[in-house]
Amino acid sequence: MSIFSNFLKKIDQPKRIISFDGGGVRVIAGIVFLRKLEIESGRKISDIFDMFIGTSAGAFNASCFAVNAMTVNELKTYWSKDYLEKIMQTSFFWDQASLIQARPRYESKGRIDMLKEIFGDKELGDSSKPLLTLCYDVEKRSHVIHTSFLTPKVSLVDAISASSAAPMYFPTYQMKNGSWMIDGSIVTNNPTLIGFNHAKKYFESDNIKVLSIGAGINKNKIKGESSSKWGGVGWLRNDIIGMMLDSEIHNNIAEDVINKNYLRINSSLGKINKMLDDDSEENLEKIHLMGLHWWEEFGETALKFIED
């Protein structure tokens with residue numbers, strides 16, 4: 001093959017992006033899946049993909065790969081029981097017995113301290129690969145996308161803290177510029193289409209492949225007749241937040257738009273706790289098993305998907 005032919009082949013290669021859903025501790029399932037992908041492919045996730053996007057807990061995972069080029073094993077360390085306990089420092093005002101939650105369940109300090117430990121003073125512009133995170137400005141009532149190429153001076157701590165300030169779990173996060181942000185998942189918990197749109201512009205190409213990593217879907221049946229009697233507390237008890245954050249419609253659109261260049265890794269939660277913060281040994285084991293189940297179902301397809 002001539003040098004010119006090799007050049008044409010190289011420029012025709014697809015750009016690969018990986019998109020991470022939010023989902024609290026449930027994103028560990030995706031880490032289990034990606035660990036298998038690294039082992040079987042013999043390549044680091046940070047080397048396989050050309051762009052990284054995430055929202056909420058997914059923004060953290062995306063940043064660890066794009067900025068610090070972590071292996072999956074290195075990332076997994078920060079989802080250990082010890083680190084989860086540091087992140088989820090219960091608020092002094094939290095009343096577990098109360099039916100109506102008056103304050104956020106957790107303080108922000110533990111989460112921010114961990115981000116400073118990992119990223120220090122690094123900014124988005126320090127990322128080795130293009131990186132996008134999603135959050136929501138509560139005062140302007142508008143979504144905000146922070147990227148390594150359009151907002152390079154935003155700190156990693158700010159970008160990830162803003163994207164993961166999940167309402168009810170963590171307080172609204174004030175960034176250095178004074179804006180008040182909450183979790184990007186309220187815009188979409190599956191940021192695939194945002195990443196796809198930016199990737200086409202950034203790489204000036206339509207040849208984009210997207211691997212989308214979910215965090216499980218709550219498909220437990222709700223009895224319609226019972227729901228007709230619920231007020232605010234009833235709906236909160238029965239996962240109204242989860243219903244509002246369900247982004248499977250974005251998955252359906254992505255399947256139509258991106259077609260064969262799109263692979264979604266996700267499934268029903270089954271018996272996994274729908275809450276984002278259940279770090280009990282039993283629940284974490286179920287999440288781990290979900291990740292292994294994903295590999296059994298999607299592993300072979302994923303290996304073919306990352307090939308040129």
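**Ground rules**

I count two residues as in contact when heavy atoms of theirs lie within 4.5 Å. I also keep in mind that this is a predicted model.

**Ile48**

I started with Ile48, leaving aside its neighbours within four places in sequence, and found it in contact with Arg16, Ser41, Arg43 and Ile306. Ile48 sits in helix α3, which covers residues 45-48. Is Ile48 buried or exposed? I got a relative accessibility of 2% for Ile48, so I wrote it down as buried. I also checked Ile48 against Gly242: they are 194 residues apart in sequence, and their C-alpha atoms are 32 Å apart in space.

**Whole chain**

Next I stepped back to look at the chain. I noted 14 helices and 8 strands in its secondary structure. The radius of gyration is 19 Å, close to the 19 Å that the globule rule gives for 308 residues, so I can call the chain as compact as a globular protein of that length. Along the principal axes, I have the C-alpha trace spanning about 70 × 45 × 35 Å. How much of the chain is buried? Of the 308 residues, 50% count as buried. I then took the contacts between residues at least 6 apart in sequence, and 73% of those join residues at least 24 apart.

**Helix α2 against helix α14**

I looked at how helix α2 (residues 28-41) packs on helix α14 (residues 281-305). Their axes are 7 Å apart and the angle is about 40°. I noted the crossing of α2 and α14 as right-handed.

Which residues make the contact? From α2 I listed Ile28, Ala29, Gly30, Val32, Phe33, Lys36, Leu37, Glu40 and Ser41. The α14 side has Leu284, Ile287, His288, Met290, Gly291, Leu292, Trp294, Trp295, Phe298, Gly299, Ala302 and Leu303. Sorted by type, the residues of this contact come to 14 nonpolar, 5 polar and 2 charged. I also see that Ser41 of α2, part of the contact with α14, is one of the residues in contact with Ile48.

**Helix α4 against helix α8**

Then I moved to helix α4 (residues 57-66) and helix α8 (residues 156-163). Their axes come within 7 Å and cross at roughly 150°. An angle over 145 degrees counts as roughly antiparallel, and therefore I noted α4 and α8 as roughly antiparallel to each other. The crossing of α4 past α8 is right-handed.

Where do they meet? I found Ala59, Phe60 and Ser63 on the α4 side, with Leu156, Ile160 and Ser163 on the α8 side. That contact divides into 4 nonpolar and 2 polar residues, with no charged ones.

I wanted to know how enclosed α8 is. I counted 8 of its 8 residues as buried, so α8 is largely enclosed by the rest of the structure. The buried residues are Leu156, Val157, Asp158, Ala159, Ile160, Ser161, Ala162 and Ser163.

**Ser163**

Ser163 belongs to α8, and I looked it up on its own. Its relative accessible area is 0%, so Ser163 is buried. What does Ser163 touch, leaving aside neighbours within four places in sequence? My list reads Gly54, Thr55, Ser56, Ala59, Thr133, Leu134, Cys135, Asp183 and Gly184.

Ser56 lies in the loop between β2 (51-55) and α4. Although Ser56 is not a glycine, I noted a positive phi of about 60° for it. I have Ser56 at 7% relative accessibility, so it counts as buried.

Asn259 also turned up with a positive phi, near 60°, and is likewise a residue other than glycine. I placed Asn259 in the loop between α13 (248-258) and β8 (262-265).

**His198**

My last stop was His198, in helix α9 (residues 192-203). I got a relative accessible area of 15% for His198; buried means under 20%, so His198 is buried. Which residues does His198 touch, not counting those up to four places away in sequence? I wrote down Met51, Leu132, Ile145, Thr147, Phe149 and Leu150.

How values were computed:
Residues are numbered from 1 along each chain as its sequence is written. This is a predicted model: local features need pLDDT of at least 70, side-chain atom pairs count only at pLDDT 80 or more; totals for chains, interfaces and linings use all residues. Side-chain values use heavy atoms; hydrogens and water are left out. Axes are lines fitted to C-alpha atoms, for helices over the stretch in contact, and angles run from 0 to 180 degrees between N-to-C directions. Helices (H or I, at least four residues) and strands (E, at least two) are DSSP runs, numbered from the N terminus. Angles under 35 degrees count as roughly parallel, over 145 as roughly antiparallel, 65 to 115 as roughly perpendicular and the rest as oblique. A crossing is left-handed if the near helix is turned anticlockwise from the far one by less than a right angle, and right-handed if clockwise. Ala, Val, Leu, Ile, Met, Phe, Trp, Tyr, Cys and Pro count as nonpolar, Asp, Glu, Lys and Arg as charged, and the others, Gly among them, as polar. Buried means under 20% relative accessible area, exposed over 50%, partly exposed in between (1.4 Å probe, protein chains only). The radius of gyration is taken over C-alpha atoms; the globule rule is 2.2 Å times the number of residues to the power 0.38.
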